[in-house]
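User: I am new to this structure. Please walk me through the terms you use for it.
Analyst: Gladly. Here it is.

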Amino acid sequence: MAKVAIIGASGNVGRYTAHAVSYIPHVSELLLFGRPGREEVLHGLACDLHDSFAARGSQSDVKFSCTPKDLEGSDIIIVTSGVPRKEGQNRIDLAHENARMISEIAAMVGWYAPNAILFIVSNPVDVMTAVALKYSGMKPNQVIGLGTHLDSMRLKWNIAKYFDVHVSEVHTRIIGEHGDSMVPLWSATTIGGISIQNLPKFKDLPEEQIMHNVMNAGSAIIRRIGSTIYGPGDAIATIVSTILGNEKRILTVSTFISSEIHNIGDVCIGTPVRLDRNGATTLTITISEHEVEGFRKSVDKIRAITQEVIERLDESC
Ligand SMILES: NC(=O)c1ccc[n+]([C@@H]2O[C@H](COP(=O)([O-])OP(=O)(O)OC[C@H]3O[C@@H](n4cnc5c(N)ncnc54)[C@H](O)[C@@H]3O)[C@@H](O)[C@H]2O)c1
Ligand SMILES: O=C(O)C[C@H](O)C(=O)O
């Protein structure tokens, strides 16, 4: 049985994530964590979740805390603290502001729960994953970010709609930045195990329109309701469940790569990894020439921003 902590639990994503994660059978203890001053809100959320457990007949326990020592013994720590983007903003615009917060949270986690898996959601998620890796002092397999997992699910759904098949028949993924330079892997997309290029409807597939929908899904939701909530929460819960269940599924999360994809690396970015109780193991893969070109650009962009953010953090320490 496992203890899962959510730092930033009082926010939109944090609170729905708590609910989604509470359905995972391996989770015996859920800790809602926040900064000092958030006790009342966290207490209220914990009481509400207790009622949810009662309604479901669940035996799980939910606690709340603003005291770092209470993170001890956590198996997974999910971080949803941070400023979300507003309409018209890019995720990268949040980098410097959120990096300070994530560096402090990562140092706290590295101290109190050095054996946990540290799972970053805060944006820009690839840069924040690198900040968390550096300031936690934890090993690369222990630090992951939501990466392009949610984007990959958005693409999968769009493809299933176009081909009119059950969503579970579609296997696809997007790698690279969780942002404008993301790269869809059409070369690794199959329906019912058949390469998408071998299906007659592929010739009319509106690839550009689909990728436009996927890339703008977050901003379209933010414009209408202020933030994305259920999509990220359920995507986070899938990853937590995969890790706690030691399932060894291949999901596309942000993790440190050195040179696994066509010798491109030295960055935290969305790539296919095998997830189990030890965290992430990056896969070495081959992709098409066109995809390599896009991935290289995405990596160069994220590496440059990461370096700038970490240099500024180091200067101010
Ligand atoms: N990677 C993804 O796919 C994805 C999806 C959704 C949201 N996000 C990101 O998650 C973050 C949270 O989004 P949200 O909609 O829940 O925002 P929110 O404003 O509803 O919640 C933010 C949370 O961060 C906490 N917080 C704010 N400032 C803090 C500080 N200085 N120290 C510690 N905690 C602080 C708040 O108390 C709150 O719990 C944002 O950065 C957003 O962009 C990422
Ligand atoms: O788009 C955002 O800013 C939130 C999140 O990254 C998302 O893709 O839903």
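Analyst: A helix here is a DSSP run of H or I of at least four residues. By that rule N98 lies in helix α3, residues 95–112. Keep in mind that this is a predicted model.

User: Why is N98 called buried?
Analyst: Buried means under 20% relative accessible area. N98 has a relative accessible area of 0%, so N98 is buried.

User: What makes N123 a contact of N98?
Analyst: Contact means heavy atoms within 4.5 Å. Leaving aside neighbours within four places in sequence, N98 meets that cut-off with G82, V83, N123 and M128. N123 itself sits in the loop between β5 (117–120) and α4 (125–136).

User: Which record places a binding site at N98 and N123?
Analyst: UniProt does, in an unreviewed entry. Of the listed residues, the lining of the largest pocket includes N123, S122 and G14.

User: How do you know that β4 and β5 pair?
Analyst: Pairing takes at least two bridges found by DSSP. Strand β4 (residues 76–79) has 4 bridges to β5, so the two pair, and they run parallel. One of the partners is I76 with I117. The chain goes from β4 through α3 to β5, a right-handed β-α-β crossover.

User: Which way do the side chains of β5 point?
Analyst: I117 and F119 point one way, L118 and I120 the other, and all are buried. In a regular strand, side chains alternate between the two faces of the sheet.

Definitions and conventions: Residues numbered from 1 in each chain as written. Chains lettered and ligands numbered in written order. Predicted model: local features only at pLDDT ≥ 70, side-chain atom pairs only at ≥ 80, totals over all residues. Heavy atoms only, no water. UniProt positions renumbered as here; feature names shortened; annotations may be inferred. 1 Å grid on protein atoms, 1.4 Å probe; cavity = no way out; pocket = protein on both sides within 12 Å on 5 of 7 lines; lining within 4 Å. Buried < 20%, exposed > 50% of the residue type's maximum accessible area, 1.4 Å probe, protein only. Right-handed = clockwise from strand over helix to strand, strands pointing away.
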